[in-house]
Structures are given as C-alpha cells and as structure tokens.
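Open the model in your viewer and get ready to select residues one by one. Follow the stops in order.

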Amino acid sequence: MNLDQPAIEVDSLVKRYKRTTALDGLDCAVPSGAITGLLGPNGAGKTTLFRSLLGLTRTDSGNIRILGQEIPARLAEVTKKLGAIVEEPGTIRALTGRVNMTVAADQLGFGHERIEELLEFVGLQADAGRKLDEYSKGMRQRLGLAAALVGDPQLLLLDEPLDGLDPAGQMAFRARLRDLADSGRTVVVSSHDLADIEALADYVIVLNHGRLVTQGPLEDLLSGAATRVVTPSAEEARTALADAGMDVRLDGTALIADEEDGSRVVRVLAESGIYPSEVGPARSTLESVFLGITGDDQG
Ligand SMILES: Nc1ncnc2c1ncn2[C@@H]1O[C@H](COP(=O)(O)OP(=O)(O)OP(=O)(O)O)[C@@H](O)[C@H]1O
Ligand SMILES: [Mg+2]
C-alpha cells in the first residue's frame, strides 16, 4: 500500500443536483497497490464519486487527480489504464459472454488475446458460450469484472461489485481482487455493507452526506484506543468504570471501556473490589466504528 503516491486524489469536490448536494466538499485519497473500500450508507455519494472520477458526470467545483492527471481535463490520458463497473455492467444481453468480451475489448481498443484467460479468471469459461439472457445476476457480475479487466488496467473502480453474489461467489470475487492488488493494481470497491469491506479492504474511506467521515488503513480504524474487560460482575464493573468517567458499552459478555490504559481500568475495578478474569486492548469491528461515526442513519 503506497499513500505517498496516491492513485486517486480528491480535493474539495462538490457535485450538486437540483435538490441534493451529492458531494459536499469531499476530500480523500486512494493509496496505490491496495484494495480501498469506499463505505457509506445509501445516498452517501459513492456512485456519484465513481461517476465523477470516470468523467461520466460534471462536478461543480474541486479537483480530481487520477494517476497524477487532472480529471476531467486529462481523462483521455488515463482511460486506457482504468477499468470500471459502475452500476449495471455495460453488457449486451442478446450476446454470449465471450462475444460481450470481444465487444468490450473493441470498444476500448484492446486486442482479444486476454479474453479466454479472463473468462477463466472469473470462473466463466464453461458458460462463455451462453447468452447473457441466460446468466444469473452473479454470472453477469463476474462477466462485468472480466470485461473491466480486458485492458489489464492499473486502476479498477468497482461500484458495489459484490451485490447479488452468493457467499461462495463473494469469496471467489474477493480472492480475484486480492490477486489483482497483490500484482500491484489499485482496486476501489464501494459497498454499504461493513462486513464486505472488513473482509476485503486494506484501506477504508467512509463517506456520509457527500463528505469524508474518516479514512485510513483498516487496521488503524479497527484498533481504537479502548480496553476490553471480562468479569462475572459486569453490572458492578460497568457502574464503577462509568463513575470513573469512562464510556462503557457491553460487547457480548465483555465490557468495552473507552480507556487506552488497561492498568487504569484494572485499578478502578480493584478499588471497587472487582477482579476481572480478562483485560486487554479492544479490537473494534468496523460496524462499531461506523455506527460511532455516522450515528444511527446507516443505510
Ligand atoms: N441523477 C441524479 N439526479 C438527482 N439526484 C441524484 C442523482 N444521482 C444521485 N442523486 C442524489 O445524490 C445523492 C448521492 O447519491 P449516490 O447514488 O451517489 O449515493 P450512493 O452512495 O451510491 O448510494 P447507494 O448505496 O444507494 O448506491 C443522493 O441523495 C441521490 O438522491
Ligand atoms: Mg450507489
């Protein structure tokens, strides 16, 4: 993951529709050579951001740089290095998977030599001779990924690519994206599903109401400064910690106190005659991070 040379830089980006400000001064950066999860509830601005990056919609103000080039002014310089799925993959239902791949390659001005390899990469080789009409949603999704990869892009922008895939399909899709990142590509994946992003991303950008809520390596977002305590006297412990000014919540049978210093937690409990069976740093889930930041209006 390389943050010194971001693949995408977005600076004070504003996109207004008649009634909505879809992007409201958004600042964020996507590290190169990693998988970035773009996370936000419905209506947060994820698709609008992708459309802006791809020059599919005009923004009102702010700056975008992709692979060092100003967008949209120098979009032509980078299009050959970009692969994308934004909303429904742009495929033709009456044609077979394989023919759709050739159409995608022709449209982008690439040869056909990688098509079989890509169909195999997404696990569609056996179905490549069937028309898309006969494809399930998951199969169309996988074809969309294969088509996005036809020019061997350096940067992949995937809007909700896991949507509609069954668990096995999601796992296979994630593994493919990991292969791409391991070989130095930059992948950006949007989702409103925290578990998707937690299972996939190296770096996370959280959006809400068209603004950046937080961004950073997944590990940093998950290792918050809190202490986890297990004790049979959870209620008394909770009261004691709260009386000492800590914010305390229940996590299963454990308590999570917003105090980084575990020894202080132990001291407060001991002063109340409580001796915990376990004390250690709390590892938050992305869900708790997300709910903590966005409040209860998660989509
Ligand atoms: N073409 C449009 N005309 C008017 N408003 C739009 C248009 N496209 C998006 N919006 C508005 O912009 C805001 C952001 O929408 P966007 O589609 O970017 O959200 P999203 O994060 O992709 O949501 P979802 O998770 O539902 O896909 C929403 O309030 C939406 O209603
Ligand atoms: Mg969307």
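Select Thr227. It sits in strand E11, which spans residues 227–230. Keep in mind that this is a predicted model.

Is Thr227 buried or exposed? Thr227 has 1% relative accessibility, so it counts as buried. The cut-off for buried is under 20%.

Now show the side chain of Thr227 and find Glu259. The side chain of Thr227 reaches the backbone oxygen of Glu259 at 2.4 Å.

Move on to ligand 1. Which residues are around it? Select Tyr17, Thr20, Ala22, Pro41, Asn42, Gly43, Ala44, Gly45, Lys46, Thr47, Thr48 and Glu160. Colour this shell by class: four residues are nonpolar, six are polar and two are charged.

Which helix gives the most to the shell around ligand 1? Helix H1, residues 46–53, does, with three residues.

Zoom in on the oxygen atoms of ligand 1. Start with Thr48: a polar atom of its side chain lies 2.5 Å from a ligand 1 oxygen. Go to Gly45, where a backbone N or O atom is 2.9 Å from an oxygen atom of ligand 1. Then pick Ala44, which has a polar backbone atom 3.1 Å from a ligand 1 oxygen.

Last, show the surface of ligand 1. Alone, ligand 1 exposes 640 Å², and the protein buries 60% of that.

Technical notes: Residues are numbered from 1 along each chain as its sequence is written. Chains are lettered from A and ligands numbered from 1 in the order in which they are written. This is a predicted model: local features need pLDDT of at least 70, side-chain atom pairs count only at pLDDT 80 or more; totals for chains, interfaces and linings use all residues. Side-chain values use heavy atoms; hydrogens and water are left out. A residue is near a molecule or strand if one of its heavy atoms lies within 4 Å of it. A polar contact is a pair of N or O atoms within 3.5 Å; within protein, one must be able to donate a hydrogen and the other to accept it, and residues adjacent in sequence count only if both atoms are side-chain atoms. Accessible areas come from the Shrake-Rupley method with a 1.4 Å probe; for residues, only the protein chains shown count as cover. Helices (H or I, at least four residues) and strands (E, at least two) are DSSP runs, numbered from the N terminus. Ala, Val, Leu, Ile, Met, Phe, Trp, Tyr, Cys and Pro count as nonpolar, Asp, Glu, Lys and Arg as charged, and the others, Gly among them, as polar. Buried means under 20% relative accessible area, exposed over 50%, partly exposed in between (1.4 Å probe, protein chains only).
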